[in-house]
Amino acid sequence: MQYNLLANYTNDKEFKALVRKKLSNIKSYNAFCFAVLNILIRKLDIKTCYLNKKCFDESLLSFKTDGHSSLTEDKTVTENCAFLLKNKTTNLIFSFGHQGAENLQNLSNHIYSLDNNTFKNIHIVLFKSSEELDKARQVNKATVYKRSFFTTCYDICEKIIETNKVDVKKIPSKKRNSTLLSDKRRDLAGLHMVEIMDNIPVGKEDSKLYKLIFKTKEPLDIMPGQFVMISTLKEKNRFKSKTIQSISKVKPDIHNDLQTKQISYLKRPFGIYRTYYENFSDDYGSKLNIEKELAAILYTVKPNRFEIVYKVLDRGVGTNELTRLVKGDKVEMLAPLGKVFDVRKFVKEEWDEIHIVGGGVGIAPLIYLVQVLRFYNIKVKAFIGIEDYKSLIYKAGRTKSHENTRRNARIYIDDLKYFGLSESSDIYVSFLCDTDAVQFKGIKNVFKGSLVTEPYSEYLRKHNHLKINTFTCGPFAMMQKVHTVTAQFNIKTYVLMEKRMACGIGVCFSCVCKTIENGENHNSRVCMEGPIIESKQINWNE
Ligand SMILES: Cc1cc2nc3c(=O)[nH]c(=O)nc-3n(C[C@H](O)[C@H](O)[C@H](O)COP(=O)(O)OP(=O)(O)OC[C@H]3O[C@@H](n4cnc5c(N)ncnc54)[C@H](O)[C@@H]3O)c2cc1C
Ligand code: FES
């Protein structure tokens with residue numbers, strides 16, 4: 001690792017002094033990691049409650065503790081962890097990846113069981129390299145590192161450089177560790193066989209909305225705004241190769257399925273609605289309370305269970321086929337696709353609030369964005385436009401103890417609550433129909449017979465002193481209106497653009513949308529240059 005190099009580019013004297021000290025053995029390396037972490041968190045209200053002397057070179061650490069935790073008497077924790085920190089609500093139990101698998105497994109199992117899904121005790125494993133960290137993120141390691149979080153010393157260093165406003169570009173690129181380039185950690189697009197776990201109709205009897213739940217064999221690192229292309233017919237093995245290069249040689253024929261009208265030959269694009277992580281409870285987002293600065297260096301196990309919410313189009317070949325998929329069916333999926341919107345970079349900025357403004361099924365991909373933003377403790381307000389209350393209700397999945405029991409649940413609203421949004425103050429629902437508002441009990445901000453943009457404009461008028469960023473997805477006219485409204489308040493706005501797609505990988509140009517860059521008109525491919533596009537770059541008049 002190029003710590004010396006990094007030290008040259010930071011003004012932090014403490015950091016420079018630490019780097020000068022010889023990292024002669026594992027104990028001095030551990031001491032270095034601890035001290036570096038302390039530089040990162042020193043401005044936060046985080047106390048050191050315990051240091052395990054056997055892990056550190058004592059000449060480098062003074063072993064001073066400045067806080068108390070209920071876990072300092074817990075032998076399984078103190079003997080197996082490296083150090084123990086505490087913020088206002090949470091015990092942060094750190095260990096090193098090189099402490100041995102058995103030791104780490106005991107520790108993470110113990111923390112997992114004593115925590116009982118309250119997320120008040122979390123285990124963080126510090127790895128030496130991004131390669132080790134990536135291995136730990138695989139689902140098959142979920143039993144070793146049960147519900148643990150991961151980071152590397154290099155991620156911490158990178159964050160310190162950022163905090164010191166060091167221009168990373170000045171660091172010679174060939175000497176840069178891959179972890180400095182966040183995109184290196186993203187999975188490349190590839191073909192996945194997915195297994196359908198459920199396909200649930202949502203809303204009233206004649207509703208056209210479904211929730212599709214599926215799992216992948218290999219975990220998938222997909223970012224908000226990215227999308228998947230799904231075969232809507234089961235067990236369709238038209239492409240044998242696993243690489244994107246070979247797929248791009250297959251000439252897509254967008255007209256094929258339109259001519260036959262019977263079966264879809266092309267995969268269809270959908271945004272991810274939400275993801276699930278092994279050993280994380282569904283509502284972890286409402287419990288997890290880690291400072292943004294710390295969350296920004298943490299990674300979880302990769303997700304392997306996903307949901308999409310899809311609308312069946314009246315004459316839609318593929319979406320009608322999707323409704324026929326049942327539990328156990330296998331379909332092909334190409335993912336992840338679309339430009340990576342780097343959320344870690346985005347949350348660095350100090351926003352008072354992030355807004356999502358969604359209409360109809362366009363709300364779906366915004367929910368996953370909220371899931372990720374809430375990991376960083378970002379304040380989110382949701383403005384959603386739906387037809388009526390009934391269109392949200394569905395029978396949610398089976399519980400483990402009652403295989404055949406289903407409970408009433410609401411799409412969008414329940415998940416936003418799971419991520420920690422308050423029904424009474426963070427969720428604004430506009431519905432077109434003038435139905436009985438009693439059914440909306442719990443949600444305070446309900447607007448009958450109204451378009452989502454109306455209460456949203458009103459909200460912005462009342463809160464024009466806040467630093468806001470907006471994301472919108474839904475019908476084109478709605479997004480255009482959101483753009484007009486936010487432009488009045490100088491609010492940076494991103495659109496999750498939808499266009500008809502054939503290949504999803506940039507070769508067919510079926511998905512172009514008109515954009516403006518430096519005053520010039522462009523044709524941008526939504527699958528490559530989007531789907532997240534800044535609203536001011538869209539040529540709304542075309
Ligand atoms: C990046 C991205 C993310 C998406 N996410 C979701 C999602 O989360 N949930 C969801 O329900 N839908 C989503 N869509 C839209 C979805 O892909 C289409 O509804 C679906 O492909 C229609 O397939 P079909 O075979 O049923 O329709 P087709 O038989 O292909 O077409 C039926 C009719 O619908 C029109 N049409 C098809 N796709 C589109 C489109 N994208 N925009 C406008 N008109 C279209 C066609 O021109 C045709 O008139 C997304 C689209 C994109 C590009
Ligand atoms: S879908 Fe083919 S280029 Fe975008």
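Here are legends for a few close-up views of this predicted model. Residues count from 1 along each chain as its sequence is written, while chains are lettered from A and ligands numbered from 1 in the order in which they are written. As the model is predicted, local features need pLDDT of at least 70 and side-chain atom pairs count only at pLDDT 80 or more, whereas totals for chains, interfaces and linings use all residues.

**View 1. The surroundings of ligand 1.** Ligand 1 has 25 residues around it, each with its C-beta atom, placed from the backbone, within 6 Å of the ligand. Arg268, Tyr310, Gly316, Gly318 and Thr319 are the closest. At least two shell residues come from each of strand E9 (268-271), strand E11 (305-311), helix H11 (317-322) and helix H13 (363-375). Helices (H or I, at least four residues) and strands (E, at least two) are DSSP runs, numbered from the N terminus.

View 2. Ala335 and Pro336 are joined by a cis peptide bond with omega near -10°. Pro336 itself sits in strand E12 (residues 330-337).

View 3. Between Gly530 and Pro531 the peptide bond is cis, with omega about 5°. Look for Pro531 in the loop between helix H17 (526-529) and strand E23 (532-534).

**View 4. Asn117 and its positive phi.** Asn117 isn't a glycine, yet its phi is positive, about 60°. You'll find Asn117 in the loop between helix H5 (101-115) and strand E4 (121-127).

**View 5. Arg147 and its positive phi.** Arg147, also not a glycine, has a positive phi near 50°. Its loop runs between helix H6 (130-136) and strand E5 (149-152).
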